[in-house]
Amino acid sequence: MQATNAKLKQGRGVIERYREYLPFSDSTPIISLGEGNTPLIHCAQLSKRVGRGCDVFVKNEGVNPTGSFKDRGMTVAVSKALERNASALVCASTGNTSASAAAYAARAGISCAVILPAGKIASGKLVQAFAYGAKIVAVNGNFDDALRIVRELGERDGFVIVNSINPDRIAGQKTAAFEIVEVLGNAPDFHLLPVGNAGNITAYWAGYQEYYARQRTRPERQSNGSTRLPAMIGFQAAGAAPIFHNRIIENPETVASAIRIGNPASWKQARVAIEESRGAIDIVSDGEIVVAQTWLARHEGIFDEPASAAAIAGLFKCRDSKDARYSFKEIPEGSRIVCTVTGHGLKDPDAMQEQMEALIPVAPVTSEVRRLLGL
Ligand code: F0G
């Protein structure tokens with residue numbers, strides 16, 4: 001029996017760990033794949049690059065069950081959908097939401113329809129939607145068109161939208177902030193993350209605020225409570241930066257297909273998070289994103305997808321560029337900085353296509369191999 005209990009504990013997802021912070025009753029069914037509890041990795045090379053005695057940590061959400069942070073929100077949204085007797089889920093997606101929704105729907109035994117912008121989904125994510133058995137519709141349009149259609153389909157009987165316009169998604173995603181506070185013993189000074197539909201920056205800010213409020217009102221409940229709030233710094237891709245430019249972008253374009261979004265659903269909430277936390281919204285170019293993605297893989301052993309690399313590119317920009325909205329040149333020595341890696345690099349192998357194609361095989365002869373390795 002003991003072994004079984006230990007096993008159960010190991011697989012505990014965010015609902016079991018944070019039930020008291022979530023809209024759950026004892027009778028809510030739990031659909032979980034053991035999401036959350038992801039590593040917060042101290043990055044020595046990144047810290048060195050920022051300098052000033054700062055410590056940079058990566059919250060690696062790429063190791064969630066379907067390879068992105070979406071699983072935190074999906075476990076809550078799908079469990080609540082079941083509580084309401086839903087028989088089908090629907091979402092629009094740039095790829096990760098659809099992968100996650102399809103997996104949790106399969107686990108719940110209900111169907112899942114995903115509306116995707118045709119030709120704009122990284123192959124690793126599209127493969128997931130097929131594998132988990134979603135009903136897939138590709139539209140000749142962008143993510144914003146797909147989300148408009150999902151909204152028009154609307155909430156009908158037995159049918160639940162699981163995009164981040166569903167508050168249960170945000171509730172689940174805020175648990176990432178809880179985990180960070182618990183590991184660091186307090187909130188960091190800065191939190192950097194990519195911004196697309198703007199649900200995640202909204203969720204993190206909600207999570208940090210909630211732990212902060214609890215610490216003030218019920219310190220005895222929390223030995224690892226938070227006595228401060230971080231500045232939230234969001235990064236959009238330069239070709240898909242509606243919040244930065246303060247206008248809808250009709251034809252968003254970026255190599256970071258996950259954040260190719262021109263009219264984010266949680267635009268207002270993201271603005272509130274940035275203003276209340278005295279943070280910033282900034283942009284990074286596709287070139288900077290690709291460089292940051294490679295840099296992180298080669299210096300820290302963390303392979304993230306291009307959208308996630310926007311946060312790392314943003315960190316470099318804060319450190320190096322005069323144009324940065326937030327300059328780390330003036331931050332206090334010893335600041336703690338957290339960057340969220342939102343999705344795994346394997347999701348988007350197309351990004352490395354050129355390098356893979358350049359690999360020409362040689363004869364299976366040691367001398368040939370030696371020559372190529374320069375030995
Ligand atoms: N990073 C990744 C890997 C994402 O998949 C997304 C969003 C974001 C960052 C941005 O997060 O939308 O909360 O601001 N992906 C959504 C999707 C839009 O459909 O998978 P956000």
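The largest pocket of this predicted model is lined by Asn142, Asp144, Asp145, Leu147, Arg148, Arg151, Ile248, Ile249, Glu250, Asn263, Pro264 and Ala265. A pocket is an open set of points on a 1 Å grid over the protein atoms alone, with protein on both sides within 12 Å along at least five of seven lines, and lining residues have an atom within 4 Å of a point. The lining of the largest pocket comprises 5 nonpolar, 2 polar and 5 charged residues. Here Ala, Val, Leu, Ile, Met, Phe, Trp, Tyr, Cys and Pro count as nonpolar, Asp, Glu, Lys and Arg as charged, and the others, Gly among them, as polar.

Residues are numbered from 1 along each chain as its sequence is written. Local features need pLDDT of at least 70 and side-chain atom pairs pLDDT 80 or more, while totals for chains, interfaces and linings use all residues, and side-chain values use heavy atoms, with hydrogens and water left out.

A cavity is a set of grid points where a 1.4 Å probe fits but cannot get out. The whole structure contains 2 cavities of 30 Å³ or more. Volumes, given below, are the space filled by probe spheres set on the points, which are joined across faces, edges and corners.

| Space | Volume | Lining by class |
|---|---|---|
| Largest cavity | about 330 Å³ | 11 nonpolar, 13 polar, 3 charged |
| Second largest cavity | about 50 Å³ | 2 nonpolar, 3 polar, 2 charged |
| Largest pocket | about 220 Å³ | 5 nonpolar, 2 polar, 5 charged |

The largest cavity has 27 lining residues, and Phe69, Lys70, Gly196, Asn197 and Ala258 are those nearest its centre. Two or more lining residues come from each of H5, helix H8 (167-173) and H10, where helices are DSSP runs of H or I with at least four residues, numbered from the N terminus. H10 contributes the most, with 3 residues. The second largest cavity is lined by Thr94, Pro117, Lys120, Asn142, Phe143, Ser257 and Arg260.

Around the ligand are 20 residues, the closest being Ser93, Asn96, Asn197, Ala198 and Thr342; a residue counts if one of its heavy atoms lies within 4 Å. This shell holds 8 nonpolar, 10 polar and 2 charged residues. Helix H5 (96-108) and helix H10 (199-217) each provide at least two of its members.

Polar contacts are pairs of N or O atoms within 3.5 Å. A side-chain N or O atom of serine 93 lies 2.7 Å from a ligand oxygen, and a backbone N or O atom of alanine 198 is 2.7 Å from an oxygen atom of the ligand. Threonine 342 places a polar side-chain atom 2.7 Å from a ligand nitrogen. The protein covers 99% of the 480 Å² of accessible area that the ligand has on its own, as given by the Shrake-Rupley method with a 1.4 Å probe.

How values were computed
Polar contact = N/O pair within 3.5 Å; in protein donor to acceptor, adjacent residues only side chain to side chain.
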